[in-house]
Amino acid sequence: MDMEKIPLIQVDRMKKYYPVKGGIVTHTLGYVKAVDGVSFSIMQGEIMGLVGESGSGKSTIGRQLVGLEKPTEGTIYYKGKNLADMGKDEMRNVRTRLQMIFQDSYSSLNPRKHIYEILAQPMLYHKISTKETLEKDILRLLDMVGLQRNVLGRYPHEFSGGQRQRIGIAKALSLKPEFIVCDEPVSALDVSIQAQILNLLKSLRKELNLTLLFVGHGLGAVNYVSDRIAVMYLGQIVEIGDAKEIFNHPVHPYTKALIDAVPVPDPEENGKVRGLLQGDIGSSMDIPSGCRFHTRCAYAGDKCCVEEPKMQEVLVNMGNGHYAACPNIMDK
Amino acid sequence: MGFIMKSQIIDIDKISTESYLQTVYRRFKRHHLAAFSLIILAVLCGAAVCAPIIAPYDPDAIVGAFSGAPCRQFVLGTDQIGRDVLSRLLYAMRISLLVGVMATLISTVIGVVLGLLAGYFGGVADMIIMRFTDMVMSFPYILLVLVAAAIFKPGLWNIILILGFVDWPGIARLVRGNVLSLRETNFIKGNIVAGMPLRHILFSEILPNTVAPILVYATSVLAISMLDEAALSFLGMGVQPPTASLGNMLNGAQSLTVLTSQPWLWIPPGLMIVILVVAINFVGDALRDALDPNSEKR
């Protein structure tokens with residue numbers, strides 16, 4: 001039961017700033033604040049959804065969790081241990097535990113290698129399989145992700161997008177990870193294939209007791225797989241909580257707008273007024289003062305332009321861990 | 001789609017590598033000129049390798065009259081001091097091909113290693129390597145080669161080393177550019193996430209994806225170094241007599257009398273240079289097309 005208490009992944013005030021260089025004599029003009037003080041934790045066996053528009057910093061968080069980039073500030077804890085404090089050997093071990101599934105399945109597989117090589121090399125390097133067990137292990141992986149065994153001798157370009165994404169999932173699973181970042185894994189796929197891949201991820205989670213961070217920009221898909229959802233806007237989390245709770249009782253105006261943007265396949269609903277957002281997400285180089293969302297928010301008051309709202313527990317349904325950052329929560 | 005997998009995975013390896021090479025072969029065949037060039041090259045290389053067997057005379061031995069015209073006994077005549085031109089031509093091809101191939105190998109290895117390092121690590125390493133590359137590139141290289149040849153005694157291996165060390169910048173730039181774009185792809189990131197070691201990422205993931213352009217570029221380096229060897233030897237700074245090379249055979253044809261009245265002294269080596277260089281370039285062009293993964297997906 002103790003495992004339930006310590007979060008598998010905990011992120012504490014993570015920031016990621018990218019310097020913008022330019023000028024005749026190259027110097028730093030400013031920073032793109034891709035992630036600007038984000039804290040959350042993911043429990044063992046949970047699927048955490050992370051939604052937001054393009055440019056909200058959600059993929060940046062994913063990349064940092066698997067160690068592709070280092071946070072500018074803040075810490076990432078894996079089972080209570082700071083990733084930045086780990087030695088080389090420990091890190092090599094942890095690396096295999098944190099895997100990633102990419103959005104563009106075509107570019108995530110080496111075009112010059114066939115599937116067998118792509119899957120076998122990391123497994124042999126990390127001694128997850130030996131030469132004797134390799135064949136069996138690979139065939140089991142293929143079974144798990146629903147691929148036929150005759151795919152092994154083929155090259156990535158010989159597959160459809162959905163099949164390639166299954167291979168991407170197999171590649172991530174091959175290292176026996178505990179935690180997988182799924183960086184918009186279905187955004188590039190047909191709708192029918194999307195559902196298959198989402199269901200596959202859900203069943204794999206159960207089967208292998210995986211913990212997932214599911215990054216996506218549509219609340220529809222994210223809500224379908226996630227236990228909890230965090231909504232991001234311009235580098236910050238604006239609302240976080242139980243998936244059903246967020247979807248059914250959103251409090252932040254941005255979350256509401258995202259939910260309204262999910263297409264409803266019902267002609268009867270056509271007349272319903274939807275609070276769709278106007279304009280673009282602001283530049284993460286020049287962040288609005290006060291509440292970051294006030295430039296596009298329908299409910300924004302004078303206070304919103306000045307005061308940066310803090311995360312506070314939503315009292316609608318106490319004890320659910322539902323938090324949002326909007327000064328108007330109390331008024332509604 | 002059609003094939004049924006046998007129980008051994010090894011079988012599949014074989015099937016798919018073959019099919020890739022088959023694709024390349026099929027696309028290469030479409031270029032008739034290149035296919036013809038390849039046959040000519042193969043024949044000439046064969047003749048060069050087998051020179052000791054097929055040459056009618058010892059290339060350095062005086063066996064006939066001075067500057068004898070072609071006849072039954074000496075098919076391509078004899079040179080100024082009575083050596084058989086055909087035998088010398090066969091041995092000269094050996095030397096020229098050896099210089100070309102070795103110089104290309106050296107410059108390819110240097111270029112690939114420097115290009116990989118510069119492209120993958122970026123930053124300061126990239127700056128230093130690329131400025132050094134620019135420096136070597138911007139130097140009038142024939143002058144460099146002449147100076148180097150004057151400092152180190154001109155000779156076969158020195159020529160190979162000198163040419164090898166001036167021809168690499170193009171390859172280094174090519175490799176660096178490719179690495180820069182590959183480094184950002186997801187499969188390289190995926191390998192980093194999978195914790196694969198640097199040597200695997202550089203040599204097993206990145207390098208195979210740049211082999212095609214390197215190979216194409218190397219063919220032109222091969223042609224250029226053979227030309228350079230001929231030029232240097234013609235100037236007397238290259239392969240030293242009595243060893244025959246295509247360039248120093250031409251060296252004998254510097255006077256007007258030889259040019260006008262003894263064409264058998266200069267036409268064979270001159271023609272051989274032209275044939276080799278043109279054939280190599282045709283093959284390179286066809287390879288570019290055949291290896292390009294974008295020219296045909298399947």
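Visitor: In what order do the strands of the open sheet in chain A stand?
Guide: The order is β6-β7-β8-β3-β9-β10-β12-β11, 8 strands with mixed pairing. A strand here is a DSSP run of E, at least two residues, and a helix a run of H or I, at least four, both numbered from the N terminus. This is a predicted model: local features need pLDDT of at least 70, side-chain atom pairs count only at pLDDT 80 or more, and totals for chains, interfaces and linings use all residues. Residues are numbered from 1 along each chain as its sequence is written, while chains are lettered from A and ligands numbered from 1 in the order in which they are written.

Visitor: What makes β6 and β11 of chain A edge strands?
Guide: β6 (98-101) and β11 (312-313) of chain A each pair on one side only.

Visitor: How do you know that β9 and β10 of chain A pair?
Guide: Two strands pair if DSSP finds at least two bridges between them. Strands β9 (residues 228-233) and β10 (residues 236-242) of chain A are joined by 6 bridges, so they pair. They run antiparallel. A:Val231 stands opposite A:Glu239 in β10(A).

Visitor: Which helix packs on the sheet, touching β6 and β7 of chain A?
Guide: That is helix α6 (residues 161-173) of chain A; β7 spans 179-183. Contact requires C-beta atoms, placed from the backbone, within 7 Å. The direction of α6 makes about 175 degrees with that of β6(A). Angles run from 0 to 180 degrees between N-to-C directions, with axes fitted to C-alpha atoms, for helices over the stretch in contact.

Visitor: How many residues of chain B are buried, as a percentage?
Guide: Buried residues make up 39% of the 298 residues in chain B. Buried means 20 or more other C-beta atoms within 10 Å of the residue's own, with C-beta atoms placed from the backbone. In chain A the buried share is 42% of 332 residues. Chain B has 14 helices and 0 strands.

Visitor: What makes up the contact of chain B with chain A?
Guide: Chain B gives 22 residues and chain A 30. In chain B, α1 (9-29) and α9 (186-193) each supply at least two residues. The largest share, 6 residues, comes from α9(B).

Technical notes
Contact = placed C-beta atoms within 7 Å. Buried ≥ 20, exposed ≤ 12 C-beta atoms within 10 Å, placed from the backbone.
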